[in-house]
Number of protein chains: 2
Amino acid sequence: MPRAGLDRATVVATGAALADEVGLANLTMGSLAERVGVRTPSLYKHVGGQDDLNRRIATLALSELADAIGTAVQGYAGRDALAAAARAFRTFVLEHPGRYAATLGVEPSGPNDPMALGSRRLLDTFTAVLRGYHLDVSDVDHALRMLRSLCHGFATLQGANGFQWSADIDESFEWLIAFADRGLRTL
Amino acid sequence: MPRAGLDRATVVATGAALADEVGLANLTMGSLAERVGVRTPSLYKHVGGQDDLNRRIATLALSELADAIGTAVQGYAGRDALAAAARAFRTFVLEHPGRYAATLGVEPSGPNDPMALGSRRLLDTFTAVLRGYHLDVSDVDHALRMLRSLCHGFATLQGANGFQWSADIDESFEWLIAFADRGLRTL
DNA sequence: CCCTTTTGGTTAATGGCGTTAGCCAAAAGC
DNA sequence: GCTTTTGGCTAACGCCATTAACCAAAAGGG
């Protein structure tokens with residue numbers, strides 16, 4: 001029996017890719033084992049179990065999402081930065097629905113949890129975007145939550161086919177960015 | 001063996017209640033059977049299976065949600081109507097997380113699907129709320145999607161403990177309503 | 001370079017879940 | 001009152017996550 005040369009990072013990355021393909025709910029230890037070319041119990045040599053796998057996928061996803069938005073925002077400020085961040089967020093969620101789903105409902109175990117680091121980087125990027133609007137300090141937290149709700153809500157609803165009727169979805173998203181921008185500029 | 005006097009509506013309603021208590025993902029046929037006082041296979045006399053149960057819970061939830069928001073909005077217009085609708089939405093999602101989760105990712109099978117009726121009633125209520133803002137017709141669809149994204153995003157993030165840091169969450173939601181109202185009034 | 005230890009794979013088994021089949025008594029209808 | 005439908009039951013199957021026990025391959029130290 002030749003070894004498969006597997007390691008934790010490979011297992012997690014393959015799990016993330018598979019979750020994107022078939023949906024997080026359908027990511028099974030059996031299908032993941034088959035994908036990496038190994039029998040199911042072997043996965044437990046690299047990962048604690050399904051829960052642990054989920055947390056690691058979430059950590060990976062948050063890091064990638066923070067990277068993607070951070071990169072997208074570079075060189076922009078104000079409305080352009082807001083638009084770049086929002087578009088990058090939606091693109092990530094639509095291209096990686098399984099990864100993104102893994103980040104929901106998972107709480108960091110402590111302040112040293114690498115997942116918390118990803119969350120913080122993501123938050124910092126959005127905070128930087130808001131800096132261009134020179135908001136009152138008392139508004140910043142609320143504005144952050146508003147942006148997060150808008151982006152999360154729009155992207156997950158679109159991913160769940162929650163927008164049934166006619167109008168063009170991309171157009172709606174651009175409209176929504178403009179709406180948020182106008183509101184933030186007139187605070 | 002005395003009969004349990006069960007019927008479909010009872011099974012679905014109990015399933016919805018149980019989903020709210022333990023989370024939709026933890027709603028198991030076994031636990032539901034126990035709750036209604038019957039062995040697991042007996043449930044299949046009233047419901048097609050887990051998928052069918054989920055659809056029926058979703059249908060119930062959409063109907064209840066449409067009722068709740070419709071009632072909350074009565075007698076109000078403009079900003080007051082918007083606030084009432086948004087608060088009713090969030091309250092419903094927080095009080096009935098399992099029911100609401102059941103509505104996501106379930107597509108109506110056809111135009112006669114009773115679930116589609118609930119969706120439409122919900123949509124109509126929000127459309128009525130927007131009427132108070134006298135929007136340009138070309139803006140209505142986008143504004144509806146914006147409101148839906150905001151309410152859905154905020155409520156589900158709060159439900160998933162997605163808001164970790166300090167500021168008061170109720171205050172953020174009121175801020176968000178005010179933000180949306182201001183934006184809609186200045187279109 | 002062999003001998004030992006760690007590592008990463010295996011098969012077998014357990015227990016929980018959804019679901020189906022087949023049975024049988026209670027209710028409903030003629 | 002007899003027949004049919006209905007709503008419960010037990011038994012069984014297959015899938016899934018997980019654990020235990022085992023064993024070969026790599027790694028590493030004399």
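Over all chains, the count comes to 18 salt bridges, a salt bridge being a side-chain nitrogen of Lys or Arg within 4 Å of a carboxyl oxygen of Asp or Glu. The model is predicted, so that local features need pLDDT of at least 70 and side-chain atom pairs count only at pLDDT 80 or more, whereas totals for chains, interfaces and linings use all residues. Residues are numbered from 1 along each chain as its sequence is written, chains are lettered from A and ligands numbered from 1 in the order in which they are written, and side-chain values use heavy atoms, with hydrogens and water left out.

Side chains of opposite charge can pair when their charged atoms come close. One such pair in chain B is Glu21(B) with Arg35(B), whose closest N and O atoms are 2.8 Å apart. Glu21(B) is exposed, at a relative accessible area of 52%, while Arg35(B) is partly exposed at 41%, where buried means under 20% relative accessible area, exposed over 50%, and partly exposed in between (1.4 Å probe, protein chains only).

A second salt bridge joins the side chains of Arg90(B) and Asp170(B), with N and O at 2.9 Å. This pair links distant parts of the chain, since Arg90(B) sits in helix α4 (residues 78–95) of chain B and Asp170(B) in helix α8 (residues 169–185) of chain B, 80 residues apart. Arg90(B) is buried, with a relative accessible area of 11%, and Asp170(B) is partly exposed, with 45%.

Within helix α8 of chain B, Asp181(B) and Arg185(B) are 4 residues apart and therefore separated by about one helical turn, and their side chains meet in a salt bridge of 2.8 Å, N to O. Here Asp181(B) is buried, with a relative accessible area of 1%, whereas Arg185(B) is exposed, with 54%. In chain A, a network of salt bridges links Asp20(A), Glu64(A) and Arg99(A).

Turning to the cysteines, a search of the whole structure finds 0 disulfides over all chains, a disulfide being a pair of cysteine sulfur atoms within 2.5 Å. The cysteine sulfur closest to that of Cys151(A) belongs to Cys151(B), and at 16 Å it is too far for a bond. Cys151(A) is buried, at 6% relative accessible area, and Cys151(B) is likewise buried, at 6%.

The surface along DNA strand C involves 20 residues, of which Arg3(A), Ser42(A), Lys45(A), His46(A) and Thr28(B) come nearest; a residue is near the strand if one of its heavy atoms lies within 4 Å of it. The residues of this surface divide into 8 nonpolar, 8 polar and 4 charged, with Ala, Val, Leu, Ile, Met, Phe, Trp, Tyr, Cys and Pro counted as nonpolar, Asp, Glu, Lys and Arg as charged, and the others, Gly among them, as polar.

Phosphate oxygens of DNA strand C lie 3.4 Å from a backbone N or O atom of Leu6(A), 2.8 Å from a polar backbone atom of Arg39(A), and 2.4 Å from an N or O atom in the side chain of His46(A).

Technical notes: Helix = DSSP H or I, 4+ residues; strand = E, 2+ residues; numbered from the N terminus. Polar contact = N/O pair within 3.5 Å; in protein donor to acceptor, adjacent residues only side chain to side chain.
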